[in-house]
Amino acid sequence: MDACSLAVIWNEELIEALVKAARAAFLSLKETAREHFYFYAFIFDGGLHPYISAWSYEALEKSMMEQQIPEEDKSWWKWDSADSPYAGYGSDELKLQRNGNV
């Protein structure tokens, strides 16, 4: 097997591991929060560390009140993955082990 074939196999394994971890994180959030989610995001930070973010209708309303976000800014706030109270949720599910497995 040549280096290119090994890279493809490794990439497929990495993608599969990331999908599995993201799914576990999203399911955990949904079960734990028991809210009505309208937005889920799978994101890589500047150091290429994966994390999830999400918004629920309940978290949006609470966050807007706590952060004193005016109603006219709701249209952008509701999609702001960095300011979501669930940004970074499930970091344990998304930590890759040294051997490349989740």
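Trainee: Which elements do the buried residues of helix 2 pack against?

Mentor: In this predicted model, the buried residues of helix 2 pack against strand 1 (37-44), strand 2 (50-56) and helix 3 (74-77).

Trainee: Which residues of helix 2 are buried, and what puts them on the same side?

Mentor: Ala59, Leu60, Ser63 and Met64 are the buried ones in helix 2, which spans residues 57-67. They cover an arc of only 130 degrees around the axis, and therefore lie on the same side of helix 2. On the other side, Lys62, Met65 and Glu66 are exposed.

Trainee: Why is Lys62 called exposed?

Mentor: The word exposed needs a relative accessible area over 50%. Lys62 has 53%, so Lys62 counts as exposed. Glu66 has 54%, so Glu66 counts as exposed too.

Trainee: What makes Lys62 and Glu66 a salt bridge?

Mentor: The cut-off is a side-chain nitrogen of Lys or Arg within 4 Å of a carboxyl oxygen of Asp or Glu. The side chains of Lys62 and Glu66 meet at 4.0 Å, N to O, and are listed as a salt bridge. Both residues lie in helix 2, 4 residues apart, about one turn of the helix.

Trainee: How many salt bridges are found in the whole structure?

Mentor: The search finds 2. Lys74 and Glu61 also form one, at 2.8 Å from N to O. This pair links distant parts of the chain, with Lys74 in helix 3 and Glu61 in helix 2, 13 residues apart.

Trainee: Why is Lys74 called partly exposed?

Mentor: Buried means under 20% and exposed means over 50%, with partly exposed in between. Lys74 has a relative accessibility of 22%, so Lys74 counts as partly exposed. Glu61, at 38%, counts as partly exposed for that reason as well.

Trainee: Where is Lys78, and what does Lys78 touch?

Mentor: Lys78 is found in the loop between helix 3 and helix 4 (91-94). Leaving out residues up to four places away in sequence, Lys78 touches Tyr38, Trp55 and Leu60. Lys78 and Trp55 are 23 residues apart in sequence, and their C-alpha atoms are 7.1 Å apart in space.

Trainee: Is Lys78 partly exposed or buried?

Mentor: Partly exposed, because the relative accessible area of Lys78 is 29%, and buried would require a value under 20%.

Trainee: Which residues have the most contacts inside the largest nonpolar core?

Mentor: That core has 20 residues, and those with the most contacts inside it are Leu29, Ile52, Trp55, Leu60, Trp77 and Tyr86. The elements giving two or more residues to this core are helix 1 (3-33), strand 1, strand 2 and helix 2. With residues up to four places away in sequence not counted, Leu29 touches Arg34, Phe37, Ile52, Ala54, Tyr86 and Tyr89.

Trainee: Where in the protein chain is confidence lowest, and where is confidence highest?

Mentor: Confidence is lowest in helix 4, at a mean pLDDT of 74, and highest in helix 2, at 96. The protein chain averages 84, and 83% of the residues score at least 70.

Terms used:
Residues numbered from 1 in each chain as written. Predicted model: local features only at pLDDT ≥ 70, side-chain atom pairs only at ≥ 80, totals over all residues. Heavy atoms only, no water. Buried < 20%, exposed > 50% of the residue type's maximum accessible area, 1.4 Å probe, protein only. Arc of directions from axis to C-beta. Contact = heavy atoms within 4.5 Å. Core = buried A, V, L, I, M, F, W, Y, C linked by side-chain atoms within 4.5 Å. pLDDT = per-residue confidence, 0-100.
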